[in-house]
Amino acid sequence: MIHVLDPGPQTTVQDAGRSGHMRYGIPPSGPVDRHSFVLANRLVGNPDGAAALEFTLMGPRLRAETPCTIAVTGADAPLTLNDAAAPVWTTLTLAAGDVVRIGAARAGVRGYVAVAGGIDVPPVLGSRSTYLRGRMGGVHGRPVARDDRLPLGAAPAAPRRRTVPSEARPKWGGEPALRVVLGPQADRFTDEGIAAFLGGSYEVLPQSDRMGVRLRGARIAHARGHDIISDGIALGAVQVPGDGQPIVLLVDRQSTGGYTKIATVCSFDIARVGQAKPGQRLRFTAVDVATAHRLLKESDAALARVELEEIA
Amino acid sequence: MLVELGEGISVDVNTRVRALEYLIAQKAVPGVVETVPTYSALLVYYDPSIVGYDGLCGQLAALAEQATTTAMPPAREVELPCCYEGELGPDVEAAAQRLELSVDELVRLHEGAEYLVYFIGFTPGLPYMTGAPERLTIARLDNPRVKVPAGSVAIGGIQCCIYPVESPGGFWLLGRTPVRLYDPEASEPILLKPGDRVRFRRIERREYNDIAERVAAGRFRPVIR
C-alpha cells in the first residue's frame, strides 16, 4: 500500500491503455511517454504495461505503508528518499514508513512512478488507466488525491536493483524535430501553409494537457475552409482550426472532430511532444509512410534492446 | 489509415462506412487494431508490424466493394423518454419561434421522427443523428453554451444529438432524457451504438423525475428492440 502525502498538481494512474472503445467515443488514455513508462516498470520487475503513476511538472510525495520496490523515470525531476537525494531511472527498495518526494521537473513534463506489483485499482473496460474527462478508470476516474491509499498487486520476489544506462535515458529540452506524415487533409491547406508548418518552429502553450498540445507559431493558411464534416482523430493528429495554429492530439483526445488535420506525428515521437514544456519550441519534418514504419520498428527494437545495468 | 467512402452527410454513404467496419470485424482482418466510423469515413488503426500500408489498402479496397446494407445484421431500435418541459427544454420556445411553429407542433415533429445514429464520437457515448423532418432544420445557436447539462436532447442544422456528459454545445436544447448515455461505473458504459435507430417518447415532468430516480438506483433500462 502507498499512502499519498501530497499528490502534486496532476498525478494519475496509467497502464498500457484502453483499446477497442474509440468507436464509442472513449480514448485509449495510457502514458504519454511510453518509453519512460515501460522502463519504470522493467526496473521493478513488472510487465511493460503494469499500472503506474504519471505525474505532471511536479511529482508527488509518497509514503510506503508496507515494504515495496519503486522506480522513477521520465521528466528530469529531483528525487529524495527520507530527505536524502536518491537516484532516478533506478530500482529503489523502500521499507515501511519510508517517504519519497519528487520535486519540480527541470526538463520534460511527465514522469512515472512504477511500483512492483503495479497499482491495483479496479480495471474499467479492461484497463486501469485514468480518463479524466470521462471520469473513468484509475482512482474513481480522478487524479490521485492527498491521503489516497493505493493498493498494490502481488509483487514478484524482491526485484534486483538495476539502473537504466545513461544512453537509454531520453534527453528533454532543446527544439526537437518531430517526424510527421502529411494528411489526411493536407490538400485543404495552401502550399504556403504547408511550407509554414514544415519550415517554422512552434511554441508549446500552457493550455496543453493529455488531450492535446496547443502550439503557437507561423500561421498555417487553409486553402478552402477550416471545417470538415467530422472524422476520426488518430494519435498525433495535427489539427489546425481557423486561427491557423496547430494542436497535436494525444492519448486522451476526442475520438472524432471537425477541424482539418494537416499531418500526423509518428507514434515514436509522441513522447517528445508530450515532454515539451510550455515555452519550449518544436519543429516538424515530413516523412513518407514507409520511412515512418521503418523508424517505428527501429524505435521498438531500441526499447526492447535496453539492457538494465545491475548495481550493488 | 482513413478510408473515405464518399462525401457529405448521407444515410447511403454512412451505411457503407458501417458495413465496411462490420466486414473488417467479421473477417478479423489481420493487423487491424481498432476502427472508428464517422459520417463518410472509417479510421482504421493498424499494427504495421503485422500488415503493411499497401497490403492493408488492397484488402480494405476489396472489402469496400462488398460494403452494403445487406452485409449487416438488422439495426437495434432504442426508445428514449424525453421531457420537453420548462428548464429541461430551455430553447424549445425560441426554436419554435425561429421555425414559425407552435411549441406543441415542434415537439410533435421531433418526437414523431426516427433517428439514425451515424456514429458515436467527440465525448463518450455522444450520438451523431439525423432523421428529423426538414421542417426542423435550424441554424446552430449564435452563441454556443459553455455548459450543456448531461442528457440534453438538441438540434442543430439537420442533426440531432444528445449530450452524454456536461460539455459545451451549440445546438438548441429541446428537452432532456433521464436515461444515461454514458455511465463510467456501469459494466457497459455506453448505451447507443453506431447504426441504432432512436425514437423519443414524450414524458411529463413527473415521469422524468420518476425515471431519473430509477436510473440513479440502477433500476431502469430503456426499451431496446
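Tutor: One definition to begin with: domain bounds here come from an automatic or database domain assignment. Keep in mind too that this is a predicted model.

Student: Fine. What are the domains of chain B?

Tutor: Domain 1 of chain B covers 2-71, and domain 2 covers 77-224. Their centres, taken over C-alpha atoms, are separated by 29 Å.

Student: How many residues of each domain of chain B are in contact?

Tutor: 7 residues of domain 1 of chain B contact 7 residues of domain 2 of chain B.

Student: Which element gives the most on the domain 1 side?

Tutor: That is α1(B), with 3 residues. By class, this side of domain 1 of chain B has 4 nonpolar, 2 polar and 1 charged residues.

Student: Stay with α1(B). At what angle does it cross α2(B)?

Tutor: Roughly 120°. Helix α1 of chain B is residues 11-27, helix α2 of chain B is residues 53-66, and their axes come within 9 Å.

Student: Why call that oblique?

Tutor: Angles over 145 degrees count as roughly antiparallel and 65 to 115 as roughly perpendicular. The crossing is at roughly 120°, and α1(B) and α2(B) are therefore oblique to each other.

Student: And is the crossing left-handed or right-handed?

Tutor: The crossing of α1(B) and α2(B) is right-handed.

Student: Which residues meet there?

Tutor: From α1(B), Leu20(B), Leu23(B) and Ile24(B). From α2(B), Leu63(B), Ala64(B) and Gln66(B). The residues of this contact divide into 5 nonpolar, 1 polar and no charged.

Student: Now the contact between the chains. How many residues does each chain give?

Tutor: Chain B gives 28 residues and chain A gives 27 residues. On the side of chain B, the elements with two or more residues are β2 (32-37), β3 (41-46) and β5 (115-120). The largest share, 5 residues, comes from β2(B).

Student: How does the chain B side divide by class?

Tutor: It has 19 nonpolar, 8 polar and 1 charged.

Student: Over to chain A. What are its domains?

Tutor: Domain 1 of chain A is 2-168 and domain 2 of chain A is 177-305. Their centres, over C-alpha atoms, are separated by 27 Å. The contact takes 19 residues from domain 1 of chain A and 12 residues from domain 2 of chain A.

Student: Which elements supply the domain 1 side?

Tutor: α1 (34-43) and β10 (107-115) of chain A each supply at least two residues. This side of domain 1 of chain A has 9 nonpolar, 6 polar and 4 charged residues.

Student: β10(A) sits in a sheet, I take it. What is the strand order there?

Tutor: The order is β2-β3-β10-β5-β8 (chain A), an open sheet of 5 strands with antiparallel pairing. At the edges stand β2 (12-14) and β8 (92-94) of chain A. Each has a single partner strand, so one side of each is left without a neighbour in the sheet. The twist averages 30° from one strand to the next.

Student: How many bridges pair β3 with β10(A)?

Tutor: 4 bridges, with β3 of chain A (residues 52-56) antiparallel to β10(A). Thr56(A) stands opposite Arg110(A) in β10(A).

Student: Where does α1(A) lie?

Tutor: Across β3, β5 (68-76) and β10 of chain A. α1(A) runs at about 155° to β5(A).

Student: There's a sheet of 6 strands too. What's the order?

Tutor: β7-β6-β9-β4-β1-β11 (chain A), again open, with antiparallel pairing. β7 (84-85) and β11 (149-150) of chain A stand at the edges. Each has a single partner strand, so one side of each is left without a neighbour in the sheet.

Student: Take β11(A). What stands opposite Arg149(A)?

Tutor: His3(A) does. Strand β1 of chain A (residues 2-6) pairs with β11(A) over 2 bridges, in the antiparallel sense.

Student: And which strands join β9(A)?

Tutor: β4 of chain A (residues 61-64) joins strand β9 (residues 99-102) by 3 bridges. β6 of chain A (residues 79-81) also joins β9(A) by 3 bridges. Both pairs run antiparallel.

Notes
Residues numbered from 1 in each chain as written. Chains lettered and ligands numbered in written order. Predicted model: local features only at pLDDT ≥ 70, side-chain atom pairs only at ≥ 80, totals over all residues. Axes fitted to C-alpha atoms, helices over the stretch in contact; angles between N-to-C directions. Parallel < 35°, antiparallel > 145°, perpendicular 65-115°, else oblique. Left-handed = near helix turned anticlockwise from the far one by under 90°. Contact = placed C-beta atoms within 7 Å. Nonpolar A, V, L, I, M, F, W, Y, C, P; charged D, E, K, R; others polar. Pairing = 2+ DSSP bridges.
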